[in-house]
Amino acid sequence: MAPGGSTAESGASRATRRLIINADDFGFSEGVSRGIMEAHIAGGVTSASMMVNTPGFDAAARLAARTPSLDLGLHLNLTVGPPVAPADRVSSLLDLERGEFVSLGVLVRRALGGQLRPEHVAAECAAQLDRLRSAGITPSHIDSHRHVHALPGVLTAVASAAIEAGVRIVRAPLEPLAINSFQLPALVTKALILGAWLSGEHARAIDGRFIRVDHFRGISLQGISDFAAGLRKTIEALPAGTTELMVHPGHADPELRALDGYADARERELEVLLSGELPRVARDAGVSLISFAEL
């Protein structure tokens, strides 16, 4: 119990449940950005994270300028397309023949093998933050495409770039292993993230330096057959405190399909987030919907 606080007040505080519904990949393609904005207007998305080196960036920036109610952060991208920073400053992240980022698999192998240079990660993160600001957007938070910021040699550099830029929220993508553990891809993803995040490097990078978001959900919702039921179950079972729920709505346009395999599932997520079901379920469960900007 905090000094001067009553037992009843402490109990009420512990019971408070707040939910940030964050849509990843704003700016990936025009269709994805349009879908995210539609979901936000419908009350199904409270924040979004934005990619800045992908085909939909300019269109997304225009949408953001017209709808300032959508809180935005950086969706750090180190696996798709060209870098924002000069290639010679980020070479350990690149396929030098193509002049683009390496694939996710290669990035993971380089990270685990100690082949990523932290100064390259920091330079690219800073450059992507600068591009976001050049579009008139002040980022409230940072996360990353495919959770690559949780990799060894990446998070410390991202945390340093965030502090330098005045961004005080970095995603901790730690969804409990027990949630929907029958889904093998989700279980493997969560186990890898957990192992990386709990290393001493990651504790030193994050602990005490950033605003804490208590819980994270969303990995186990990706690609499930009944997204509406999974979403409802997730919201009803939220623990006390503040939870970030990651979603991926969008219109699966040709630009997206050329870059990413997660396409038709975005349409299914979008349909649910446009239905008005999420705000109703949250209200019935006594869960308050907020954005990162409100922390």
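The legends below describe an overview and several close-up views of a predicted model.

**Figure 1. Overview of the predicted chain.**
Residues are numbered from 1 along each chain as its sequence is written, and side-chain values use heavy atoms, with hydrogens and water left out. In this predicted model, local features need pLDDT of at least 70 and side-chain atom pairs count only at pLDDT 80 or more, while totals for chains, interfaces and linings use all residues. The chain holds 12 helices and nine strands; helices (H or I, at least four residues) and strands (E, at least two) are DSSP runs, numbered from the N terminus. Of the 295 residues in the chain, 52% are buried. Buried means under 20% relative accessible area, exposed means over 50%, and partly exposed is in between (1.4 Å probe, protein chains only). Among contacts in the chain with a separation of 6 or more, 76% join residues 24 or more positions apart; contact means heavy atoms within 4.5 Å.

**Figure 2. Confidence and the stretch 1-14.**
The mean pLDDT of the chain is 89, and 85% of the residues reach 70 or more. Residues 1-14 have a pLDDT below 50, and beyond near neighbours in sequence this stretch has six contacts in the model. The pLDDT is the predictor's confidence in each residue, from 0 to 100. Where pLDDT is low, the predicted coordinates should not be read in detail.

**Figure 3. Helices α2 and α3.**
Two packed helices are described by the angle between their axes and the distance between the axes. Helix α2 (residues 30-41) packs with helix α3 (residues 57-66) at an angle of about 20°, and their axes are 8 Å apart. This angle makes α2 roughly parallel to α3. Axes are lines fitted to C-alpha atoms, for helices over the stretch in contact, and angles run from 0 to 180 degrees between N-to-C directions. Angles under 35 degrees count as roughly parallel, over 145 as roughly antiparallel, 65 to 115 as roughly perpendicular and the rest as oblique. The crossing of α2 and α3 is right-handed. A crossing is right-handed if the near helix is turned clockwise from the far one by less than a right angle, and left-handed if anticlockwise. On the α2 side, E30, S33, R34 and M37 meet A59, A60, L63 and A64 in α3. Sorted by class, this contact of α2 with α3 has five nonpolar, one polar and two charged residues. Ala, Val, Leu, Ile, Met, Phe, Trp, Tyr, Cys and Pro count as nonpolar, Asp, Glu, Lys and Arg as charged, and the others, Gly among them, as polar.

**Figure 4. Helices α9 and α11.**
Helix α9 (residues 227-236) and helix α11 (residues 264-274) have axes 9 Å apart and pack at an angle of about 55°. At this angle α9 is oblique to α11. Their crossing is right-handed. F227, A228 and L231 in α9 are in contact with E269, V272 and L273 in α11. The contact of α9 with α11 comprises five nonpolar, no polar and one charged residues.

**Figure 5. Helices α9 and α12.**
Helix α12 (residues 277-284) also packs with α9: the two axes come within 9 Å and cross at roughly 25°. The helices α9 and α12 are therefore roughly parallel to each other. The crossing of α9 with α12 is right-handed. L231, R232, I235 and E236 in α9 meet E277, L278, V281 and A282 in α12. Five nonpolar, no polar and three charged residues make up the contact of α9 with α12.

**Figure 6. R146 and H147 in the loop between β6 and α6.**
R146 lies in the loop between β6 and α6, and H147 lies in the loop between β6 (142-144) and α6 (155-165). Most residues other than glycine have a negative phi. The phi of R146 is near 65°, a positive value, and the phi of H147 is near 60°, also a positive value. R146 is partly exposed at 47% relative accessibility, whereas H147 is buried with a relative accessible area of 10%. H147 and L76 are 71 residues apart along the chain, and their C-alpha atoms are separated by 8.9 Å.

**Figure 7. E164 in helix α6.**
E164 lies in helix α6 and is exposed, with a relative accessible area of 70%. E164 and A126 are 38 residues apart in sequence and 8.5 Å apart in space, C-alpha to C-alpha.
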